[in-house]
Amino acid sequence: MLTGNIRLAKNLLNTHFQHFLRHLADAPTPQALARLAEALGGLWLAAAQDGTAESAAGLVSDAADALTRRLLQLAQAELGPPPVAYAWIAYGSQGRRELTLNSDQDNALVFAEDYRENRHGAYFAELAGRVCSGLADYGFILCPGNMMASNPAWRLRSSDWAQHFHDWIVASDRHKARLAGNFFDLRGIDGDARLLSPLFATLAELCPRHDSLLAHWVANANVAPSALGMFRRFIVDDSGRLDLKHAATIPLVELARIHSLAAGFVHTSSTLPRLLAAAGKRWLSEAGAHDLAGSWAFIGELRVRQQRQALMRGEAPDNHIDPSALSPETQEKLRQTLQLIALHQRALLQIYPHMPS
């Protein structure tokens, strides 16, 4: 998945990547797209040479966006023009522009109000099926929970999505909060962006005024045990490795989401901009935002370094590291980062002391 043999000097990466995107936009067939997608791993390696997580994640996300748009165009060339206006959205890590290697798909369709399932459903089922299958062929694996546009449950009119959002916020429970945590990271990829306006308006109006959703998010975020045990020892699996994604990345994403939506910021879904937007607002201090932003950069660098080393060994990249293989300075910084995350999670527990059942 996303391997490849291309290695590029950093000063040439941007030029090569722009050429890559243009070739994607002009690919005449899904098969031609597949051949082009084989170069993505080499491009990612070039972006990751300096350990910069933001540039590497942005590169994979931009490539996934471009592949999606071209797959939509190729499908429409065969199926005919769409019978009603639609928007293709990504949420989760692609919505946040934080895709990593071996990421799965998180996407959905938003329709205009004249959409009727009995008249238009077959067209969009075929369209979504082709795009999701194509993305899987190019290395973006199918969502294990089937939370994709190929699932009819995730193909709805704009007003229906807005009603779902309203329900998830106003009448939240832990299951609805998990759905909201994914979908509220949405970003338009292709189609009519105006169809997303009711969704963003619902978030901006309701999230700051309904703390029940935020309380459920806090509850869900505090379910996972800490990755630090007695005497600040790392809690590792049987192979002696620590899962950085679940120990640090996901908690930081959740903290940023809670603070930004609690403050009413809905038009940015990326973690770092969310932290910066929420700094000094409602529950997050300027200093706290600065500390979390630094932790986000540090964890991103660790993940990119591990994935880069795995790829160069010819192994499948993942999110697990062996803490004992890190330098003492890096080990200590990782401990401090995990402690900082736990501190901010406990602070939110003080704000929302009555946890939902």
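This is a predicted model: local features need pLDDT of at least 70, side-chain atom pairs count only at pLDDT 80 or more; totals for chains, interfaces and linings use all residues.
A: Two strands count as a pair if DSSP finds at least two bridges between them.

Q: Okay, which residue in β4 is the bridge partner of Ala 87?
A: Strands of a sheet pair through backbone hydrogen bonds, and they can run parallel or antiparallel. Here, Ala 87 has Gly 191 of β4 as its bridge partner. Strand β1, residues 86–90, is joined to β4 by 4 bridges, and the two run antiparallel.

Q: What is the order of the strands in the open sheet?
A: Read across the sheet from one side to the other. You get β3-β2-β1-β4, an open sheet of 4 strands whose pairing is mixed. The edges are β3 (155–157) and β4 (187–191), each of which pairs on one side only. From one strand to the next, the twist averages 30 degrees.

Q: Which strands does α4 touch when it packs on the sheet?
A: Helix α4 touches β1 and β4, and its direction makes about 30 degrees with that of β4. Helix α7 (residues 158–170) packs on the sheet too, touching β2 (107–111) and β3. The direction of α7 makes about 100 degrees with that of β3.

Q: Now two helices: at roughly what angle do the axes of α4 and α6 cross?
A: For a helix pair, look at how near the axes come and then at the angle. Helix α4 (residues 53–79) and helix α6 (residues 117–137) have axes that come within 9 Å and cross at roughly 140 degrees. Antiparallel would need an angle over 145 degrees, so α4 is oblique to α6. The crossing of α4 past α6 is right-handed. On the α4 side the contact includes Ala 64, Leu 67 and Leu 71, while α6 brings residues including Tyr 123, Leu 127 and Val 131. Sorted by type, the residues of this contact are 10 nonpolar, 3 polar and 3 charged.

Q: Are α7 and α9 roughly parallel or antiparallel?
A: Start with the angle again. The axes of α7 and helix α9 (residues 197–206) come within 8 Å and cross at roughly 20 degrees. Angles under 35 degrees count as roughly parallel, so that is what α7 is to α9. In this pair, too, α7 passes α9 in a right-handed crossing. Among the residues that meet are Trp 161, Phe 165 and Ile 169 in α7, with Leu 199, Leu 203 and Leu 206 in α9. The contact of α7 with α9 holds 9 nonpolar residues, 3 polar and no charged.

Q: And how do α12 and α13 run relative to each other?
A: Helix α12 (residues 271–278) and helix α13 (residues 286–312) have axes that come within 9 Å and cross at roughly 170 degrees. The two are therefore roughly antiparallel to each other. Thr 271, Leu 272 and Leu 275 of α12 make the contact with Ala 289, Leu 292, Ala 293 and Trp 296 of α13. These residues divide into 6 nonpolar, 1 polar and no charged.

Q: Let's zoom out: how many helices and strands does the protein chain have?
A: The protein chain has 14 helices and 6 strands. Its radius of gyration is 21 Å, close to the 21 Å that the globule rule gives for 357 residues, so the chain is as compact as a globular protein of that length. Along its principal axes, the C-alpha trace spans about 65 × 50 × 35 Å.

Notes
Residues are numbered from 1 along each chain as its sequence is written. Side-chain values use heavy atoms; hydrogens and water are left out. Axes are lines fitted to C-alpha atoms, for helices over the stretch in contact, and angles run from 0 to 180 degrees between N-to-C directions. Angles under 35 degrees count as roughly parallel, over 145 as roughly antiparallel, 65 to 115 as roughly perpendicular and the rest as oblique. A crossing is left-handed if the near helix is turned anticlockwise from the far one by less than a right angle, and right-handed if clockwise. Contact means heavy atoms within 4.5 Å. Ala, Val, Leu, Ile, Met, Phe, Trp, Tyr, Cys and Pro count as nonpolar, Asp, Glu, Lys and Arg as charged, and the others, Gly among them, as polar. The radius of gyration is taken over C-alpha atoms; the globule rule is 2.2 Å times the number of residues to the power 0.38.
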